[in-house]
Amino acid sequence: MTFEELISSGALRPFKGGVIDSSVSTSLPLVAHNIKSLKVDIAAEQQVRLVVAYTKSCQAAVEINLAPNSSLELVEVYLADSYANITVNQAENSRCKSLVALLRSSNATYTYALNGRNAESVFDALFIASGSEHATLNLNTRHLISDCRSASLVKGISAGRATGEFHGLVYVAQDAQRTDAQQQNRNIELDNSHIVALPQLEIYADDVRCSHGSTVGYSDAEAIFYMRQRGISEADARRLQIEGFVQDVVSRCQMEPVCALVHEAVTDKLSKI
Amino acid sequence: MANGQQPNMLKIENLHASVGDKQILKGINLEVKAGEVHAIMGTNGSGKSTLASVLAGNEKFTVTEGKVTFLGENMLELPIEDRARKGLFLGFQYPVEIPGVTMANFMKIAVNEKRKYNGQQPLTAAEFLKLMREKSAIVELDSKLTARAVNEGFSGGEKKKNEIFQMAMLEPTLSILDETDSGLDIDALRIVATGVTRLKREDNATVVITHYQRLLDYIVPDYVHVLYKGRIIYSGDKSLALKLEKEGYDWLINDYKE
Amino acid sequence: MKENSQDIIQSLESREYQYGFTTDIETETLPKGLNEDIVRAISSRKGEPEWMTEYRLKAFRHWQTMSLPTWAHLNIPPIDFQDIIYYAEPKQKKKLGSMDEVDPELKRTFDKLGIPLEEQMALAGVAVDAVMDSVSVKTTFRETLAEKGIIFCSISEAIREYPELVRKYLGSVVSYADNFYSALNAAVFSDGSFCYIPKGVRCPMELSTYFRINARGTGQFERTLIVADEGAYVSYLEGCTAPQRDENQLHAAVVEIVVERDAEVKYSTVQNWYPGDKEGKGGVYNFVTKRGICHENARLSWTQVETGSAITWKYPSCVLAGDNSVGEFYSVAMTNNYQQADTGTKMIHLGRNTRSRIVSKGISAGRSENSYRGLVKIGPKAENARNYSQCDSLLIGDKCGAHTFPHIDCRNKSAMLEHEATTSKISEDQLFYCNQRGISTEDAVGLIVNGYAREVLAKLPMEFAVEAQKLLAISLEGSVG
């Protein structure tokens, strides 16, 4: 299954940008395919599902504005070398849930500006770099006002001679009291590859709950022992761990039929490393 | 009851093991025959869990001396998974969470690896699902849990039931249950213990490691051993467990000269 | 409760620097500014051999090609390097033979700082190489150490007396070309300590130096070189206080540590240079390069309690070159008023089975900015490298900043690296709980801060831990006793 097939089958509705208000049907997920630039204004109270797919090498700039009480479920899939810059501005009570699968040499920058109170951003991402690829994921979560929440989970795998990079920043402005920001980054390094991680916190308010964590290396010796005790070979145990590692992110995708496609693409990528 | 004619299933001779520079097991001797239930008791830090881990082959520990024979074979030579495939099952005190790996997938691989080791054909998906349903009933394990990741988000009781469920799936020759009773309320304890008892056969054996007598009300041992400072310092029948419950370990420890 | 917290914050801002006094003794200084003549003059005043003068000149020439590092999360006012006096020494009539000959004024200064330059030091087991401004004044317990073959003296003396050792190791861990401030230090360093522990020797006492900046407008450029030869062990303590000044003072030290095979070095610092007043006026600029190299099976442990300086730029680091070597970094950094700190560590794993551990506890109050910056780098040959980093920040008041900038760079698949960081404030619940048990809010904050820093304080030698705890209390003083 490909994006092209999904679109022609009518499961996704092509979208070129613009205002999404009650006049626009949102019963099907919208899809922006190999776009150069996309500007989306989601009107108040609207609930939108949007897929951005990169299946041909491209440079893209995406700007999404969420009006009060609106929500967006965003899935971004990189199946070609791309350079992408995505900015999401969130007004009060807006909710954005993003899922990113970066499966080629790409440089993707995500900026979430939480401008309105009670805005919430959930970000789940997976990057896999193999061969001589170089995958970079930048995430900048900006808490600019009080009472917002953000939670991100970024998982990376590098294999072959590839490089995988994660640059994360949680910024909390002085007025952004009662911020709840959590950022987690987990990486697995295989073969002769290279992982770089810079998870950063920049905090100017005191009444906050902020934490981040970053790890490289995933051989959980206890889990390997547990699996081998049940008769599973060490090689299989390690493979299972990697599948589980990836599955943890992929299973957070809730937008069918795109999820099946993401799952397939990820499995395919894993089979080659 | 114990059968004197049976050959040893497990024979531990003068087993010493350490972690880092610290010697934990200092000469364990134990023989287990088919059909027997042994209980190993002892205070915290006596080496009970280490013994279980070492038998299963946990690489965290180094065996510095001694011999372990399992079904006539030098077990210390075998990798962890081959010990398991040969029929050794360890019920973990703290079952490990494996995110993203579903119970069903995990068990399917484990069961079929064991079958392959014994020269059997792998189970078909249908056969496997049937087996799962059958076995999960033994410990009243919620069938929904098998769709979830291994132990992830399971309650303490569910984790322990899940251990016994896996034991049922793998039909081990020798089961070592490491503090399976810890952290269980009385209902869960009963379910777990009944599950273990139902799995007991003439051709398998169980070693129960526990802190308390209460589990032994359900799983009645043929022998009770007291582990202290890395050695078995006393062995007796099931009445020993009751005596320990009443009088504690002091009377034994005070008698014991290192 | 709200008001209470507000009071604490206010009184925190109003604390004064306890050690702000000046010693009235004559000093000899070179003219302001820096050029090759000044570098030569420093070298000749110290009676250095030709190779040392050349080394300084090379460093100076390289320094001229360099620019100030700007990557730190610091707001550094422009520094006029030509407006600084690079050399000052207390004037002394003759060589000192015994304690009685030490300038009474100088002795009183040390007494006020609580440095026991007396016989009771023997009981405390501390040998002190006290540095007042630029020249080592008095070294004690040299004989005891000499019996074991341990050399503990000023770096100037070492250059004269043990040129072979100094030549072999000086600049071997921190090259003059390493960074702007290490180049400056190499060119103009005035004094510092040298310590050599021979093969297989366990240093029987904690070695200690105290530094102060004294003369007005004087830069202080210490140079410390510690060498633990194969199988040796030493615990080294460094404490700093500086009197209160209006204009900012520059401090650019270099500490180099060589830990040979099977050796172990513990380096503990309590730093309370003058932080400036509550308006952010004055205070020391502390730009320090500290680094050690660990050979096979060696271990280097840095512990620091940083409460002073207007600006701190400091990253005590470990190069884990040898297999099975271990690096540790334990840090408490407290900033208040307008203080700025950008501090952390670098753990460079090159050998197999190398392990490192980082525990950083930042405490920000007032309008201060406190950043942890760390690098964990795993080279391609560092099989089974392990790192664990825990970086916590505690915020007191809503005008300060607490930042965490870790950098992980891994080139070996067998590595296991773990970084965790949290940011929190002292919770109202904690304060309420303490209040309910009859503990004042001030005491409660002190308790909580000390508890928060405990893991690091516990790494300090006993007598130092007590001082560090006092210092944290002083830094919270006014309200928090």
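In this predicted model, V216 of chain A sits across from L417 of chain C, which belongs to β23(C). That pair is part of a link between strands of two chains: β17(A) and β23(C), the latter covering residues 416-425, run antiparallel to each other and are joined by seven bridges.

Zooming out to the whole meeting place of these two chains, chain A puts in 28 residues and chain C puts in 25. On the chain A side, two strands, β16 (194-203) and β17 (209-216), each give two or more residues. The top contributor there is β16(A), with ten residues. Sorted by class, this side of chain A holds 13 nonpolar, ten polar and five charged residues.

Chain A also meets chain B, and here the contact draws 19 residues from chain A and 20 from chain B. This time helices turn up on the chain A side: α2 (221-229) and α3 (234-250) each supply at least two residues. With nine residues, α3(A) gives the most to the side facing chain B.

Chain B has an open sheet of its own, with six strands in the order β6-β9-β10-β3-β11-β12 and mixed pairing. Its edge strands are β6 (88-91) and β12 (231-236); each has a single partner strand, so one side of each has no neighbour in the sheet. From one strand to the next, the twist averages 20°. At the β12 end, β11(B), residues 223-228, pairs with β12(B) in the antiparallel sense over five bridges. Within chain B, Y228 stands opposite R231, a residue of β12(B).

Methods. Residues numbered from 1 in each chain as written. Chains lettered and ligands numbered in written order. Predicted model: local features only at pLDDT ≥ 70, side-chain atom pairs only at ≥ 80, totals over all residues. Contact = placed C-beta atoms within 7 Å. Helix = DSSP H or I, 4+ residues; strand = E, 2+ residues; numbered from the N terminus. Pairing = 2+ DSSP bridges. Axes fitted to C-alpha atoms, helices over the stretch in contact; angles between N-to-C directions. Nonpolar A, V, L, I, M, F, W, Y, C, P; charged D, E, K, R; others polar.
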